[in-house]
Amino acid sequence: MSAAGRAERLAERVAERDLDALIVGDLVRPGDSGPDAIANVRWLTGFTGTSALAIVGPEERLFLTDFRYTERAEREVHESFERARVEGRMVAELAKRLHGRVGFDDMTTSVHWLRRLEEEAGEGVELVPVQGIVEDMRRTKDGGEVEAIAEASRLADDVFEWTAERGLAGRTEADVARAAEARMRELGAEPSFPAIVAAGPNGAQPHAEPGERPIGPGELVVIDMGAKLDGYCSDGTRTFASGEPGDEAREVYELVLASQLASLDALRAGIGGAEADAVSREPIEAAGHGEHYGHGLGHGVGLEVHEAPRLGKTSEDILRVGDVVTVEPGVYVPGRFGVRIEDLVVVAEEGTRNLSSTPKELRVVG
């Protein structure tokens, strides 16, 4: 869908909330936003810089940036938006442009900048807290977005294979992570997050940071990484063995794989995030490892590597066609080892489409 179409759909939702306009963008660090904080503006307008705010309403399409990005905005921002260059503070210029009932996302607005907006907005402006309007629209991916994520996932799968071919035993976790990230860049992508490489007892920490400890023989090695292409992320995990890991490790691996395959079979439009999560827990709890599975089944992926919807015990989300989500059960035995297997899937009209192609049988790579 074009930026004009997205803005039109957003304007309809703004009107449904009885608002005259909605502020879109980062009001925590306006003018100096990170990629995740600027994701809503990018999705809405096509802008890839780090300094921007937008105002959208039934009768309004306004894009604000500063002198550093005016030429980029001319190239990237859809022509349906009026482009305005900010000469001073971003929020001061924003405040001058507001009128009527204006929504702001209270999840992406700091107390400081809200107070400044209230002080500097003209008479008759009412600032109304709303939450997640753009994020809710973003979670349903169109065909172009799905293919961008699929291409990022294909590239990451190539790096998984490349990493396995190089072997693991004797190398440090940090060396494996650095090499994988460098390979991604050689292939034309950026890592969507710092790669996790966690061997042996470190694998029992779901978000372990790669260290200088050499990977020993016969250890399970959890590798979690993703690529970012054209702004869209992938996310995937495979657990390898740096030599024969032993019967217990193999049993836990097969348990996690069974959980993951059952979860993939259950996933469909209309299933709740909590219900999908429960499917993944059933075999793990039956095997006595319930306490070793402490995170949720998965999360949405798109312009951000963690976005809506969420699959977990307390999730209230219902999956719908166009959601792109991870399916990543795990078992983490303290002080011993961990196993996580993660695929990236698209919820389709019937079932799902799996974007991950790296084989899932336990691979002993030495």
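Student: How many aromatic pairs does the count come to?

Tutor: This is a predicted model. Rings pair if their centres lie within 6.5 Å. By this rule the count comes to 2.

Student: What kind of aromatic pair do Phe47 and Phe63 form?

Tutor: Their centres lie 5.0 Å apart. The angle between the planes is 65 degrees. Over 60 degrees, the label is edge-to-face. The Phe47 and Phe63 pair is therefore edge-to-face.

Student: How many residues apart in sequence are the parts that this pair ties together?

Tutor: Phe47 lies in the loop between helix H2 (39-45) and strand E2 (53-57). Phe63 lies in strand E3 (residues 60-66). So the pair ties together parts whose separation in sequence is 16 residues.

Student: Is Phe63 buried or exposed?

Tutor: The cut-off for buried is under 20% relative accessible area. Phe63 has 0% relative accessibility. Phe63 therefore counts as buried.

Student: Which residues form the aromatic cluster?

Tutor: Phe47 also pairs edge-to-face with Tyr69, at 5.6 Å centre to centre and 90 degrees between the planes. Tyr69 sits in the loop between E3 and helix H3 (70-76), 22 residues from Phe47. Both Phe47 and Tyr69 are buried. One aromatic cluster is formed by Phe47, Phe63 and Tyr69.

Student: Which residue lies over the face of Tyr293?

Tutor: A charge over a ring must be within 6 Å of the ring centre. Here the distance is 4.0 Å. The residue over Tyr293 is Arg281.

Student: Which element supplies the largest share of the lining of the largest pocket?

Tutor: The largest pocket holds about 560 Å³ of space. Of its 25 lining residues, Met107, Gly132, Glu135, Glu307 and Ala308 are the closest to the centre. Helix H6 (133-138) and strand E14 (307-311) each supply at least two lining residues. The largest share, 4 residues, comes from E14.

Student: How many nonpolar residues are in the lining of the second largest pocket?

Tutor: About 320 Å³ of space lies in the second largest pocket. It has 20 lining residues; closest to its centre are Ile196, Pro206, His207, Asp224 and His306. By class, 6 are polar and 5 charged, and the nonpolar count is 9.

Student: Which residue in E10 is the bridge partner of Glu190?

Tutor: The open sheet runs E7-E10-E11, with antiparallel pairing. Strand E7 (190-191) and strand E11 (232-233) are the edge strands. E7 joins E10 (residues 227-229) through 2 bridges. In E10, Glu190 is partnered by Lys228.

Conventions: Residues are numbered from 1 along each chain as its sequence is written. This is a predicted model: local features need pLDDT of at least 70, side-chain atom pairs count only at pLDDT 80 or more; totals for chains, interfaces and linings use all residues. Side-chain values use heavy atoms; hydrogens and water are left out. On a 1 Å grid over the protein atoms alone, a cavity is a set of points where a 1.4 Å probe fits but cannot get out, and a pocket is an open set with protein on both sides within 12 Å along at least five of seven lines; lining residues have an atom within 4 Å of a point. Grid points are joined across faces, edges and corners, and a volume is the space filled by probe spheres set on the points. Ala, Val, Leu, Ile, Met, Phe, Trp, Tyr, Cys and Pro count as nonpolar, Asp, Glu, Lys and Arg as charged, and the others, Gly among them, as polar. Two strands pair if DSSP finds at least two bridges between them. Rings of Phe, Tyr and Trp (its six-membered ring) pair if their centres lie within 6.5 Å; planes under 30 degrees apart count as stacked, over 60 as edge-to-face and the rest as tilted. Buried means under 20% relative accessible area, exposed over 50%, partly exposed in between (1.4 Å probe, protein chains only). A charge sits over a ring if NZ of Lys or CZ of Arg is within 6 Å of the ring centre and within 35 degrees of the ring normal.
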